[in-house]
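Dear colleague,

Here is the structure you will be working with. My notes on its charged side chains and rings follow below it.

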Amino acid sequence: MSLFQLGQPRFNKASNVAGQTPRPSYATPKSSIFERDDAYIIELDAPGVDPDSIDIQVDKHILSFEAKRELHPKEDYKCVYAELSSKIYQRRFDIGELIDVEHIEASYENGVLALRLPKRVEAHPQKIKVT
């Protein structure tokens, strides 16, 4: 039994036209930020990106993130409907002067980019001993 055996499929007028490949769109990934005494963790939702396309830079206390999700046509298939498209994820954070930029770490797993931003030593809470 064919998926479309009961007739031609009907698609919402706002949907992409059959046979057209959607153009890449820009997206701002959702994020969560966590803090400890010694570091911040930023998690960015970026499903389907090629880890080699991830670009992270810090310039004048602005941390910039960009990554690409490329969708390729299926070989030997004609697109009849498409809501998914290639995406370019972009996000910027003002990280101030208290981050040790030389020791920022990044990992990408299960569609989530995790950035560990260690605080400079002078930004750590200091306990003062009373004598």
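A residue is called buried under 20% relative accessible area, exposed over 50% and partly exposed in between (1.4 Å probe, protein chains only). This is a predicted model, in which local features need pLDDT of at least 70 and side-chain atom pairs count only at pLDDT 80 or more, while totals for chains, interfaces and linings use all residues. Residues are numbered from 1 along each chain as its sequence is written, and side-chain values use heavy atoms, with hydrogens and water left out.

There are three salt bridges in the structure, counted where a side-chain nitrogen of Lys or Arg is within 4 Å of a carboxyl oxygen of Asp or Glu.

Lys 119 and Glu 35 form one of them, at 2.5 Å from N to O. Lys 119 lies in the segment after strand S8 (112–118) and Glu 35 in strand S2 (residues 31–35), so this pair ties together parts 84 residues apart in sequence. Strands are DSSP runs (E, at least two residues), numbered from the N terminus. Lys 119 is buried at 10%, whereas Glu 35 is exposed at 52%. Lys 119 also lies over the face of Tyr 40, 4.8 Å from the ring centre; the criterion is NZ of Lys or CZ of Arg within 6 Å of the ring centre and within 35 degrees of the ring normal.

Arg 36, Asp 38 and Arg 116 are linked in a network of salt bridges. The closest N and O atoms are 3.1 Å apart for Arg 36 and Asp 38, and 3.4 Å apart for Asp 38 and Arg 116. Arg 116 is partly exposed, at 24%.

Regards

Terms used:
Helices (H or I, at least four residues) and strands (E, at least two) are DSSP runs, numbered from the N terminus.
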